[in-house]
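Reader: I have a chain on my screen and want to learn how to read it. Can you take me through it feature by feature?
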Amino acid sequence: MYICTPFLGAKNKCLTITKNLIVNTLSYKTVSANKETATKEWVLVDADGQTLGRLASKIAMLIRGKYKPNYTPHVDCGDNVVVINADKITLSGKKWDDKSYIRHTGYPGGQRSLTATEMFQKDPTRLVEKAVKGMLPKNKLGSALYRNLYVYAGTEHQQTAQTPKVINLNDLK
């Protein structure tokens, strides 16, 4: 039997009564985070000596908010991540020469490709950005999450006013 009246000091709560036992049924509800209740922080990650794929997967999980207890899949509840020293990442094996990044200009015969070395020489931040973007959802939420990533080649960054908290990625699982 359900009773939805304010009694026993419970305002506007439904109570279940079974065999002289009163159970508060609203305490069993799952709380989902939304845009207003999400607690977003600024996080600083040092990419010096980190392997690209392992670094990118942990950054993607920070941006998604999967390390937080109030993680909700359809909401941007992750942190803003600032990555420094993107020019000091490593790739294992022969990936500097074998890994290729393919794009298309839109014209017939317009397929272009760059190796990881060539892309790194042009702009070292693009390697980290492309790796993280590939690990985010491919929808509007993924586009919004991608805007929470800031990658810099050196140790200087423009987010000093936000006072980002330094995180060691080796401590995360």
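Reader: Is T163 buried or exposed?

Author: Remember that this is a predicted model. T163 is exposed, with a relative accessible area of 62%. The cut-off for exposed is over 50%. T163 is found in the loop between β8 (149–151) and β9 (165–167). Check its backbone too: T163 has a positive phi of about 45°, although it is not a glycine.

Reader: Where is N85, and what is its phi?

Author: N85 sits in the loop between β5 (80–84) and α2 (95–98). Its phi is positive, about 60°, and N85 is not a glycine either. Now look at accessibility. N85 counts as buried, at 5%. T163, by contrast, is exposed.

Reader: Let me step back. How many helices and strands are in the chain?

Author: The chain has five helices and nine strands. Read the order from the N terminus: β-β-β-β-α-β-α-β-β-α-α-α-β-β. As for burial, 34% of the 173 residues count as buried.

Reader: Next, charges. How many salt bridges are there?

Author: Start with the general idea. Side chains of opposite charge can pair when their charged atoms come close. The cut-off here is a nitrogen within 4 Å of a carboxyl oxygen. The count comes to three salt bridges.

Reader: Which residue does K40 meet in a salt bridge?

Author: The partner of K40 is D76, at 3.0 Å from N to O. This pair links distant parts of the chain, 36 residues apart. K40 is in the loop between β3 (21–24) and β4 (42–46), and D76 is in the loop between α1 and β5. K40 counts as partly exposed, at 34% relative accessibility.

Reader: What does K165 pair with?

Author: K165 forms a salt bridge with E41, and the closest N and O atoms are 3.5 Å apart. K165 lies in strand β9 and E41 in the loop between β3 and β4, so the pair ties together parts that are 124 residues apart in sequence. K165 is partly exposed, at 46%. E41 is partly exposed as well, at 37%.

Reader: And K68: which residue is its partner, and is K68 buried or exposed?

Author: K68 forms a salt bridge with D79, with the closest N and O atoms 2.8 Å apart. Both residues lie in the loop between α1 and β5, so the pair ties together parts eleven residues apart in sequence. K68 is buried, with a relative accessible area of 14%. D79 is buried too, at 7%.

Reader: What about K58: how far away is the nearest side chain of opposite charge?

Author: That side chain is D171, at 8.5 Å. K58 is buried yet has no salt bridge. Look for backbone partners as well. The side chain of K58 reaches the backbone oxygen of L169 at 3.0 Å. K58 itself lies in helix α1.

Reader: Last one. Which residues line the largest pocket?

Author: The idea first. Rolling a probe the size of a water molecule over the atoms shows where empty space is left. Here the largest pocket holds about 170 Å³ of space. The elements giving two or more residues to its lining are α1 (52–64) and α4 (124–133). The lining is T51, L52, G53, L91, S92, K95, K99, Y101, K130, A131, G134 and M135. By type, these residues divide into five nonpolar, four polar and three charged.

Note on methods:
Residues numbered from 1 in each chain as written. Predicted model: local features only at pLDDT ≥ 70, side-chain atom pairs only at ≥ 80, totals over all residues. Heavy atoms only, no water. 1 Å grid on protein atoms, 1.4 Å probe; cavity = no way out; pocket = protein on both sides within 12 Å on 5 of 7 lines; lining within 4 Å. Points joined across faces, edges and corners; volume = space filled by probe spheres on them. Helix = DSSP H or I, 4+ residues; strand = E, 2+ residues; numbered from the N terminus. Nonpolar A, V, L, I, M, F, W, Y, C, P; charged D, E, K, R; others polar. Buried < 20%, exposed > 50% of the residue type's maximum accessible area, 1.4 Å probe, protein only. Lys, Arg positive; Asp, Glu negative; His and termini not counted. Polar contact = N/O pair within 3.5 Å; in protein donor to acceptor, adjacent residues only side chain to side chain.
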